[in-house]
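Work through the exercises below with the sequence and the structure side by side, and try each task before you read its solution.

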Amino acid sequence: MKIFVPNQDNCDQLSLVLGSCKPAKPWQMLYLYTVLYITAFGAAGIRPCVSSFGADQFDERSKDYKTLLDRFFNFFYLSVTIGAIVAFTLVVYIQIERGWGAAFGSLAIAMGISNMLFFVGTPLYRHRLPGGSPLTRVAQVLVAAFKKRNVPFSRSELVGLYELPGRHSAIKGSGKIPHTNDFRCSLFNSSIFHFFVMRINCYYFNFQFFWCCRCLDKAALQVKEDGSNPGPWRLCTVTQVEEVKILIKLIPIPACTIMLNVVLTQFLTLSVQQAYTLNTHIGKLKLPVTCMPVFPGLSVFLVLSLYYSVFVPISRRITGHPHGASQLQRVGIGLFISILSVAWAGVFERFRRGYAIKHDYEFGFLTPMPHLSAYWLLIQYCLIGIAEVFSIVGLLEFLYEEAPDAMKSIGSSYAALAGGLGCFVASVINSIVKSITSNPENRQQSWLSQNINTGKFDYFYWLLTVLCVINFCIFLYSAQRYKYRTERTFEVSETKQNIPGPAEG
């Protein structure tokens, strides 16, 4: 393992902060990035599919299907949380005692065992019929709609909207989805774009968005030129078009959880920097600073354990919902609690920095202040953990239930994509804040200075609070306009459906 990392014999904590440690060689960095991208590639295959595959094990015809599904997603996230707790405790301990090689090796062994158990149990699982690549079907709709972009709906040679005859869909593992008229302009009516565009009365863009969304129906528009056996890249079924509409309609909800993932990402780094300046002792036991992120996981574990015995009965009395709150309500509750979490982080950081300056620790940012406990950070950790439970679990269940039958994993991948974008947006925000708030010519340090006691982490937290509030308002708007797919009718009464008139456009 030592050959893959630069020599760190003379690299103490101060040298690491000052940047005087021996840098990695180019081939070592290439090796590191290669391994990281392989890990990311593997995670991308697991994360969207494992929750959908687990939910597929339940029978939709069961009267307890909704209840079982709700409990499954809570149990699934509880399992993920237990894994995170083990990572921040046991694996950290192995790394401290035995080094990085032993830590990564233990994780590789654990993944090997989990893969073996998964494959051994494969014959016992309930499998959906593979319906082909969903991305290919989306591309077919877009291409077919583009090819017929100039075909008017009022054209006299139209045959109708195309759908296969009979009860079964052309897509294996999926039922038929009836054509919808209430989603004429999905991107315009149901997403963030409507929030901004309508408010500035931009009539030109209004028309453009409306035209683009209605154009999706043209992918299923059957004309005489199509012939008796048109290809899927020229003529798509109504079900296929509706799948794409549903995927577009879902986008605003997971997009609004990106800010939650930004906060989670910032807490993993900024809160650890705060903890380095605080007393992490519990009695005579000193907790390693790198174990601090375990506390959000512990709060998630506690909340999920008490969810059905405490939250559901209380919220059911208030909302009348059988599960205590709808999926979107749970996402909204989580986003609101995340605002409280990051706001408290700003309040405490202002107090912590003032305490450090008052007691002459301004330039001793690597020295823990013995009389100020790191466990004040537990408030923001616990709040963000609770927010994570409500938002992420509610989002996973929402995406699974609302996604088309043959695109469940695509729906779940929206949540993983929001998590990845949250990390990316967090890096962008950090770079912008550093460039705007620092002035090397005047020796003005940025808000995110390496010396946390001379920086302005509290200002940064309040900036995140403002962004979270704006994001929450957008979520409320998007959620209020969203209509659940509560009634799913897969049988289409007519093979060739009527073309909507100009008044419906």
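**Exercise 1: a residue in a loop**

Asp360 is found in the loop between α13 (327-358) and β6 (369-373), where helices (H or I, at least four residues) and strands (E, at least two) are DSSP runs, numbered from the N terminus. The model is a predicted one, in which local features need pLDDT of at least 70, side-chain atom pairs count only at pLDDT 80 or more, and totals for chains, interfaces and linings use all residues. Residues are numbered from 1 along each chain as its sequence is written, and side-chain values use heavy atoms, with hydrogens and water left out.

Task: Decide whether Asp360 is buried or exposed, and describe its phi.

Solution: Begin with the relative accessible area of Asp360, which is 71%. Buried means under 20%, exposed over 50%, and partly exposed in between (1.4 Å probe, protein chains only), so Asp360 is exposed. Next, the phi of Asp360 is near 65°, a positive value in a residue other than glycine. Most residues other than glycine have a negative phi.

**Exercise 2: two helices**

Task: Describe how helix α11 (residues 258-276) and helix α16 (residues 457-481) are oriented.

Solution: First, their axes, which are lines fitted to C-alpha atoms over the stretch in contact, come within 11 Å and cross at roughly 165°. Angles run from 0 to 180 degrees between N-to-C directions, and those under 35 degrees count as roughly parallel, over 145 as roughly antiparallel, 65 to 115 as roughly perpendicular and the rest as oblique. Therefore α11 is roughly antiparallel to α16.

**Exercise 3: a helix residue**

Task: Locate Val294 and state whether Val294 is buried or exposed.

Solution: Val294 belongs to helix α12 (residues 294-319), and with a relative accessible area of 7% Val294 is buried.
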